[in-house]
Amino acid sequence: MKKVVIALSLVMLLSSCVSNKKYAALEAKNKETQDLLNTCTVKLNSCLEEKAGLKATVDGLKDQNQNLIAQSKDMTVLTKQGAQNIEKALESIKEKDLKISRMQDALTKKDSVTLAVVTSLKSVVGLNDEDIEINVEKGVVFISISDKMLFKSGSYNVTDKAKGVLEKVAKVVNDKPDFECMVEGHTDNVPFNGKGDLIDNWDLSVKRSTSIIRVLSEQLSVNPAQLIAAGRSSFVPLVANDTAENRAKNRRTRIYVLPKIDQFYEMVEKEMKKPQQ
């Protein structure tokens, strides 16, 4: 019996030793597996973080790409709009150039008319006299006649000598019924001290103008509708009124022969309304 008990004890002891070895091995394996699992978990978390970073980068690149696509479309629209604007600007410049060209043509025609008037006056008047000047000023033709040829001192009665010159002026005006004739009186700056119905230099300059107009219309058959009376007194001198000679230059009458302004504008407007070529 004692032997049996001993035998059983030995069996149990051996069995216990084997289980402990297996357990230790399993423990070691479990620890190895756990370490491997921990390592994998760390790597997984790292990969997940890297994936999140890459996803954010991809999302950013997608957004950037969409923005670039949108900008590209905008640039295409802007480019088309810019091209249209440039085309419109070029058309506008072309139209303005055409208008300028037509206005220049109209002005050239007016200059040609002005030259013809000057030529007519010079050929008709035909005087070589320092007291008579035929010229163009700011595109307007005028004949300037000195005071001593037209009037006596302080008077607005036209002299007989002046009527000979006025006859030649009337001939030019009568040949151009579409023109106007403005008679403009000028004095020096010496105050008028005469008696009668004259008050001052203003009055004298205007009276001289109307006297010439009456000769042109009543004696030389110029259409009154073509005539304009004007007086400038002493306020538009040719030279300083500081000597007797200069004052004599400033005492003058200018007779302007000019196309009617409305006709000139009609000429320009006609050119402007021509269809574009």
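The following legends describe close-up views of a predicted model.

Local features are reported at pLDDT of at least 70 and side-chain atom pairs at pLDDT 80 or more, whereas totals for chains, interfaces and linings use all residues. Residues are numbered from 1 along each chain as its sequence is written, and side-chain values use heavy atoms, with hydrogens and water left out.

**Figure 1. Elements of the protein chain.** The protein chain has 6 helices and 5 strands (DSSP runs numbered from the N terminus: helices are H or I of at least four residues, strands are E of at least two). From the N terminus on, the order is α-β-β-α-α-β-α-β-α-β-α. Of the 277 residues, 27% are buried (under 20% relative accessible area with a 1.4 Å probe, protein chains only; exposed is over 50%, partly exposed in between).

**Figure 2. The aromatic pair of phenylalanine 142 and tyrosine 256.** The whole structure holds 2 aromatic pairs (ring centres of Phe, Tyr or the six-membered ring of Trp within 6.5 Å; planes under 30 degrees apart are stacked, over 60 edge-to-face, the rest tilted). Phenylalanine 142 and tyrosine 256 form a tilted pair, with 5.9 Å centre to centre and 55° between the planes. The pair links strand β2 (residues 140–146), which holds phenylalanine 142, to strand β5 (residues 252–259), which holds tyrosine 256, across 114 residues. Phenylalanine 142 counts as buried because its relative accessibility is 2%; tyrosine 256 counts as buried at 10%.

**Figure 3. Charges over aromatic rings.** The charged end of arginine 254 sits over the ring of phenylalanine 142, 4.0 Å from its centre (NZ of Lys or CZ of Arg within 6 Å of the ring centre and within 35 degrees of the ring normal). Lysine 207 lies over the face of tyrosine 156, 5.7 Å from the ring centre.

**Figure 4. The largest pocket.** This pocket holds about 340 Å³ of space (an open set of points on a 1 Å grid over the protein atoms alone, with protein on both sides within 12 Å along at least five of seven lines; lining residues have an atom within 4 Å of a point). The volume is the space filled by probe spheres set on the points, which are joined across faces, edges and corners. Among the 15 lining residues, Glu130, Asp131, Ser146, Ala248 and Lys249 are the closest to the centre. At least two lining residues come from each of β1 (132–137), β2, α2 (147–150) and α5 (244–250).

How values were computed
1 Å grid on protein atoms, 1.4 Å probe; cavity = no way out; pocket = protein on both sides within 12 Å on 5 of 7 lines; lining within 4 Å.
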